[in-house]
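User: Please go through this structure with me, one question at a time. I would like the basis for each answer before the answer itself.

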Amino acid sequence: AKNAARNPDAVLAGKVRGALHATFGAVAAEIAVTAQDGFVFLYGDVQSDSVRVRAERIAAGVPGVRSVSNELEVAPGL
């Protein structure tokens with residue numbers, strides 16, 4: 001098994017999660033982050049399109065992220 005601490009994708013996903021949490025606080029718990037070869041994928045439900053757009057922008061700004069695939073769904077009743 002790969003050691004997560006030495007897995008650059010796991011480290012990168014963690015950095016993106018940290019950046020999202022720093023911006024959104026508890027809301028970030030609804031956003032799942034995975035990374036593959038520097039490509040970051042965002043999944044989950046957020047309460048508005050502005051959060052969806054900001055989450056993508058924040059993820060894209062994390063050093064080492066090559067691109068972001070934004071799979072977030074807007075669920076207004078959240």
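User: Which residues is D9 in contact with, leaving aside its neighbours within four places in sequence?

Analyst: This is a predicted model, in which local features need pLDDT of at least 70 and side-chain atom pairs count only at pLDDT 80 or more, while totals for chains, interfaces and linings use all residues. Residues are numbered from 1 along each chain as its sequence is written, and side-chain values use heavy atoms, with hydrogens and water left out. Contact means heavy atoms within 4.5 Å. With neighbours within four places in sequence set aside, D9 is in contact with A35, Q36, D37 and G38.

User: Is D9 buried or exposed?

Analyst: D9 belongs to helix α1, residues 8–24; helices (H or I, at least four residues) and strands (E, at least two) are DSSP runs numbered from the N terminus. Buried means under 20% relative accessible area, exposed over 50%, and partly exposed in between, with a 1.4 Å probe and protein chains only. At 16% relative accessibility, D9 counts as buried.

User: Which backbone atom does the side chain of D9 reach?

Analyst: A polar contact is a pair of N or O atoms within 3.5 Å; within protein, one must be able to donate a hydrogen and the other to accept it, and residues adjacent in sequence count only if both atoms are side-chain atoms. D37, one of the residues in contact with D9, sits in the loop between β1 (31–36) and β2 (39–46). At 2.8 Å, the side chain of D9 reaches the backbone nitrogen of D37.

User: What is phi of D37?

Analyst: D37 is a loop residue between β1 and β2. Its phi is positive, in a residue other than glycine. The value for D37 is near 55 degrees.

User: How many helices and strands are there in the protein, and which pattern do they follow along the sequence?

Analyst: The protein has 2 helices and 4 strands. Read along the sequence, the pattern is α-β-β-α-β-β.

User: Why is the protein said to be as compact as a globular protein of that length?

Analyst: The radius of gyration is taken over C-alpha atoms, and the globule rule is 2.2 Å times the number of residues to the power 0.38. For 78 residues the rule gives 12 Å, and the protein is close to that, so it is as compact as a globular protein of that length. The radius of gyration of the protein is 12 Å.

User: What share of contacts between residues at least 6 apart in sequence join residues at least 24 apart?

Analyst: Buried residues make up 29% of the 78 residues. Among contacts between residues at least 6 apart in sequence, the share that join residues at least 24 apart is 61%.

User: Which residues does L20 touch, leaving aside neighbours within four places in sequence?

Analyst: L20 is in helix α1 and is buried, with a relative accessible area of 1%. Leaving aside neighbours within four places in sequence, L20 is in contact with G25, A28, I31, V33, L42, A55 and I58.

User: What is the relative accessible area of L42?

Analyst: L42, one of the contacts of L20, lies in strand β2. L42 and S69 are 27 residues apart in sequence and 6.3 Å apart in space, C-alpha to C-alpha. L42 is buried, and its relative accessible area is 0%.

User: Which residues does V68 touch, not counting residues up to four places away in sequence?

Analyst: V68 lies in strand β3, residues 67–70, and counts as buried at 17% relative accessibility. Not counting residues up to four places away in sequence, V68 touches V40, L42, E56, A59 and A60.

User: Which side chain does the side chain of N70 join in a polar contact?

Analyst: N70 lies in strand β3 and is buried, with a relative accessible area of 13%. The residues it touches, not counting those up to four places away in sequence, are L42, R52 and E56. The N70 side chain reaches the backbone oxygen of R52 at 3.2 Å. The side-chain partner, at 3.0 Å, is E56.
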